[in-house]
Each structure stands twice: as C-alpha cells, then as structure tokens.
Amino acid sequence: MQRLITHLLSAAVGFVCLTSCVTSKKVNYWQEPDRRIPSYADTLSYEDYVLRKGDRLYIYVYSIDERITKLFNSGNANIRSYVRSGSSAGTTDLYSYVVDDEGNISFPMVGTLQVLGKSTRDVKHELEEALSGQIKSLEGMNVFSVDVQVIQRYFSIIGANSSGRFAIPKEKITIFEALAMAGDIADFGDRSTIKLVREQGDSTIVKTFDVRSKDIVNSEFYYIEPNDVIYIRKIAGNSFGINSAAATVSVVATTLSFGVFIYSFIDRYVVQPATKNKNKQ
C-alpha cells in the first residue's frame with residue numbers, strides 16, 4: 001500500500017505541474033518592461049475627437065438674453081444635467097443633431113453645416129460665427145456662446161469579467177478606466193495580447209498591446225475612443241488551471257484521498273475475498 005500511495009502522490013504532483021498556473025507576472029499591471037513585457041515608445045498625444053458619420057451632437061446656445069435662449073434651446077434645457085453627467089437618456093435623441101451620411105448637420109438659422117472630420121471645438125467656433133450675423137439683428141443684448149458636445153458615445157469589451165457595451169462618461173477615458181468599468185480582466189484573460197479594434201476614417205484598424213507594461217501610460221494605447229472594441233483572449237492552454245497555493249494543496253489532497261479509497265475498496269472486496277477462497281482450496 002505504501003508503494004501505491006507513493007505512486008499516487010507522484011501522479012498528483014505531476015498533474016499539478018501540468019496544469020497552467022496563473023502567476024503574478026501574468027496578471028499584475030504597471031510592471032517594468034523586460035524580455036517578456038514590451039516597452040512602448042512615448043507616443044501619447046491628446047488629440048480632440050473628430051466627428052464621424054452617425055455621431056450625435058448636443059448643441060446649446062447660452063445667453064443672458066432670454067429671447068436668444070428660447071429661440072435656439074426650446075425644449076432641450078431640461079436635459080443639460082443628463083448630458084453633463086454622461087447619461088444617455090432617450091430624450092437626448094429628440095434634441096440632438098445627427099451627422100448624416102454627407103457629414104452634415106442642420107441647425108436653425110444656419111442651415112446645413114459640414115462637420116465631418118472636425119472637432120467639437122471647430123464646430124463651436126463655426127456656429128458662433130454663423131449665428132453672430134443673425135443675432136446682431138435683434139435689438140438689445142446679443143452676447144452669446146455655443147456649447148457643442150458629442151453624446152451617446154460607447155465602447156465595447158469582449159472577454160472581461162463583465163463583457164458588454166459601455167457609455168463613455170467623459171471626453172476621454174483610459175484603458176484602465178475602461179477595464180474597471182467591465183470588472184477587470186478575468187484571471188485567465190491574456191493581458192499580453194489585448195486587441196483594440198478602432199474605426200479610423202472609412203477603415204478599421206486592429207492594434208495589439210500588452211496592458212501589463214508600465215510604459216502603456218505614455219503610449220498611443222492609453223486612451224479609449226468612441227466605438228472602440230477591446231478584445232481579450234484567454235491564455236492559451238488554460239482550460240483548467242490553479243491560481244493559488246490553497247487550490248494546489250486541495251487538488252493533491254483530494255487525489256490522494258481518492259487513491260486511498262480506491263485501494264481500500266479493491267483490497268477489501270476483491271483481493272481479500274480472492275485470497276480467502278484460495279486458502280480454502
């Protein structure tokens with residue numbers, strides 16, 4: 001029996017060794033680059049988001065002259081709090097301006113305005129310039145400003161603990177904020193080959209990066225843009241794995257207990273009865 005137990009123990013240890021363990025090297029963020037974790041060049045540059053077809057713009061004209069406020073903002077004053085908080089309330093559909101297939105929006109007293117490929121800052125300045133001539137015709141106070149924001153912006157994550165589509169609550173969010181919103185990456189998610197699918201003009205590009213690298217904060221991968229899709233693969237070969245010492249001990253103990261049970265069962269109900277019958281003969 002001692003020999004059998006030794007064999008069972010060896011088999012259990014071999015089984016544990018064959019399972020893929022999740023080490024801290026595989027899951028920790030902010031690690032120093034080395035031969036396994038790449039270093040990224042300092043390519044970070046904050047650029048204004050440029051408008052695309054299908055984007056929704058929330059436009060509000062501010063003025064201390066109530067005539068101007070009512071003229072351009074009738075009905076949408078009550079949703080400003082939703083827009084500021086990043087909410088995608090359904091009512092914003094009624095008071096937003098959609099960038100059509102030609103890259104235009106239609107705004108009262110201005111008409112068609114080309115906005116495709118421009119930033120909200122550009123659109124703000126163009127609207128203020130276009131409206132200035134119209135508003136000057138009003139008697140009295142005509143000081144005003146225009147606020148332009150992109151609303152109902154989303155990104156998607158596949159392979160996280162809470163995969164799904166998420167609203168972007170502010171101008172830009174980082175890759176770590178995006179992962180936090182999705183409940184982080186699962187233990188067996190491959191952090192070394194994160195794929196980022198991004199719309200760029202009329203084409204789609206796919207970029208791959210290692211989110212564990214400390215250098216990621218200075219790279220082009222740090223900020224998430226609207227409509228980005230983050231894809232996280234499983235670590236190759238990890239259909240089963242052990243990620244703690246307690247789990248390892250549990251597997252070994254369970255294997256040994258099962259082996260001892262099987263040995264006792266065979267010895268009691270097979271070996272001993274056969275020995276007794278032989279002795280009687």
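Reply: Accessible areas come from the Shrake-Rupley method with a 1.4 Å probe, and for residues only the protein chains shown count as cover. By this method, the accessible surface of the protein chain comes to about 16400 Å², of which 54% belongs to carbon and sulfur atoms. The model is predicted: local features need pLDDT of at least 70, side-chain atom pairs count only at pLDDT 80 or more, and totals for chains, interfaces and linings use all residues. Residues are numbered from 1 along each chain as its sequence is written, and side-chain values use heavy atoms, with hydrogens and water left out.

Me: Why is Ser119 called buried?
Reply: Buried means under 20% relative accessible area, exposed over 50%, and partly exposed in between (1.4 Å probe, protein chains only). Ser119 has a relative accessible area of 6%, which is under 20%, so Ser119 is buried. Of the 281 residues of the protein chain, 35% count as buried.

Me: Where is Ser119, and which residues does it contact beyond its neighbours within four places in sequence?
Reply: Ser119 belongs to the loop between β5 (111-114) and α5 (120-135). Contact means heavy atoms within 4.5 Å; with those neighbours left aside, Ser119 is in contact with Asp48 and Tyr49.

Me: Why are β3 and β6 said to stand at the edges of their sheet?
Reply: Two strands pair if DSSP finds at least two bridges between them. The open sheet has three strands in the order β3-β2-β6, with antiparallel pairing. β3 (97-98) and β6 (144-151) each have a single partner strand, so one side of each is left without a neighbour in the sheet.

Me: How do you know that β2 and β6 pair?
Reply: Eight bridges join β2 (residues 56-63) to β6, and the definition asks for at least two, so these antiparallel strands pair.

Me: What makes the contact between Glu225 and Arg52 a salt bridge?
Reply: A salt bridge is a side-chain nitrogen of Lys or Arg within 4 Å of a carboxyl oxygen of Asp or Glu. For Glu225 and Arg52 the N to O distance is 3.1 Å, which is within 4 Å, so the pair qualifies. Glu225 lies in the loop between β12 (223-224) and β13 (229-231), and Arg52 in the loop between α2 (24-27) and β2, so the pair ties together parts that are 173 residues apart in sequence. The structure holds 12 salt bridges.

Me: Why does the pair of Arg233 and Asp190 count as a salt bridge?
Reply: The closest N and O atoms of Arg233 and Asp190 are 3.9 Å apart, which is within 4 Å, so the pair counts. Arg233 lies in the loop between β13 and β14 (241-242) and Asp190 in the loop between α6 (175-181) and β10 (194-200), so parts 43 residues apart in sequence are tied together.

Me: Are Arg233 and Asp190 buried or partly exposed, and why?
Reply: Arg233 has 36% relative accessibility, which lies between 20% and 50%, so Arg233 is partly exposed. Asp190 has 12%, which is under 20%, so Asp190 is buried.
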